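This report is written for a reader who is meeting the structure for the first time.

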Amino acid sequence: MNTSNIIISDNKIIINSYAKINLSLDVLDKRSDGYHNVKMLMQSVGLNDVVSISKAKKDITISSNIKYLPRDSRNIAYKAAELFLSETNINCGLKIHIHKNIPVAAGLAGGSSNTAAVLTALDILFNTNLSESVLSDMGSRLGADVPYCLSGSTMLAEGIGEKLTPVAPLPSLYVVLVKPQISISTPWAYTELDESGINKRPDTDLLISALDRGDIKQLCSNMYNVFEPVIAQKYPVINYIKNTLISKGALGSIMSGSGPTVFGIFENLKDAKACCDSLYRFKERFVVHTL
């Protein structure tokens with residue numbers, strides 16, 4: 001996790017929690033435990049929530065600038081704090097405030113990123129010095145994207161998302177993120193995908209090769225997400241956003257995760273901002289950079 005912007009005192013820590021996008025997303029098969037095996041390229045971007053944690057005498061409490069964010073064990077960040085305290089035998093309460101900037105239920109791993117931030121922050125706050133593998137194991141018990149969010153950067157994720165392999169990093173580029181006013185349930189998306197089947201898959205190895213060679217145009221023109229046709233069939237706005245991004249100069253555009261956020265990659269900031277401005281009908285739109 002990017003820990004460059006951490007503020008810490010004896011009893012409080014503040015940490016940024018970054019969004020991710022999928023440069024590719026392939027679903028291989030369904031496992032006996034109900035999860036799916038995946039193969040995907042992940043990239044962190046500079047849109048972040050801010051997580052503040054203070055020590056308290058008892059109980060875990062969650063607060064947020066978003067009124068509908070769960071305040072109890074339905075919140076994955078709450079579960080992370082609970083698990084961390086249990087695994088480390090620390091008897092302490094916590095006050096956790098999550099200032100949300102990453103859209104909720106958007107395919108950007110906002111909840112998983114918050115969870116990774118909580119685990120990282122508590123390890124620092126309590127000086128437990130847990131290894132990366134221990135934190136990753138905790139994370140994988142909480143959510144498939146959490147291990148990636150603990151690492152960030154450009155990664156190949158396999159298994160259910162917990163098997164991570166670093167790949168050549170994406171150079172500094174600009175990303176326009178656009179979330180339409182719909183929310184997608186990941187379990188629903190997987191059910192729809194299982195029922196409809198997969199007719200096209202990303203060539204993930206080609207994308208990794210393009211990264212190795214620094215061939216950004218080949219990378220962007222071959223990005224693919226197997227969820228996209230399924231979600232776009234029900235929500236045509238996905239294709240509208242994608243087509244607009246391409247027409248305004250994006251090197252490539254796909255949906256992130258199980259949606260509904262669509263992103264486009266740009267080489268220069270001026271074009272990215274102009275494109276973002278043209279999509280003014282969408283409230284949740286951002287120009288960010290790769291990390």
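Is Tyr190 buried or exposed? In this predicted model, Tyr190 has a relative accessible area of 18%; the limit for a buried residue is under 20%, so Tyr190 counts as buried.

**Aromatic pairs**

A pair of aromatic rings is described by the distance of the centres and the angle of the planes. The model holds three aromatic pairs. One of them joins Tyr190 and Phe227: because the ring planes stand at 90 degrees, with the centres 4.9 Å apart, this pair is edge-to-face. The two residues belong to distant parts of the chain, 37 residues apart, with Tyr190 in helix H5 (residues 186-196) and Phe227 in helix H8 (residues 227-234). Phe227 is also buried, at a relative accessible area of 1%.

Tyr240 and Phe282 form a tilted aromatic pair, with 6.3 Å from centre to centre and 45 degrees between the planes. This pair, too, links distant parts of the chain, 42 residues apart: Tyr240 lies in helix H9 (residues 237-247), and Phe282 lies in the loop between helix H10 (269-278) and strand S12 (284-289). The two partners fall into separate classes of accessibility: Tyr240 is partly exposed at 40%, whereas Phe282 is buried, with a relative accessible area of 4%.

**Strand S3 and its partners**

Which strands pair with S3, and in what sense? Strand S3 covers residues 36-56 and is mostly covered, as 17 of its 21 residues are buried. The table lists strands that pair with S3, together with the number of bridges and one pair of facing residues for each.

| Partner of S3 | Bridges and sense | Example of facing residues |
|---|---|---|
| S2 (residues 12-30) | 17 bridges, antiparallel | Tyr18 and Asn48 |
| S6 (residues 154-159) | six bridges, antiparallel | Leu41 and Leu156 |
| S5 (residues 93-99) | seven bridges, antiparallel | Lys55 and Leu94 |

S2 and S3 also form a hairpin, with five residues between the two strands. Within the turn, Gly34 has a positive phi of about 95 degrees.

Key
Residues are numbered from 1 along each chain as its sequence is written. This is a predicted model: local features need pLDDT of at least 70, side-chain atom pairs count only at pLDDT 80 or more; totals for chains, interfaces and linings use all residues. Side-chain values use heavy atoms; hydrogens and water are left out. Buried means under 20% relative accessible area, exposed over 50%, partly exposed in between (1.4 Å probe, protein chains only). Helices (H or I, at least four residues) and strands (E, at least two) are DSSP runs, numbered from the N terminus. Two strands pair if DSSP finds at least two bridges between them. Rings of Phe, Tyr and Trp (its six-membered ring) pair if their centres lie within 6.5 Å; planes under 30 degrees apart count as stacked, over 60 as edge-to-face and the rest as tilted.
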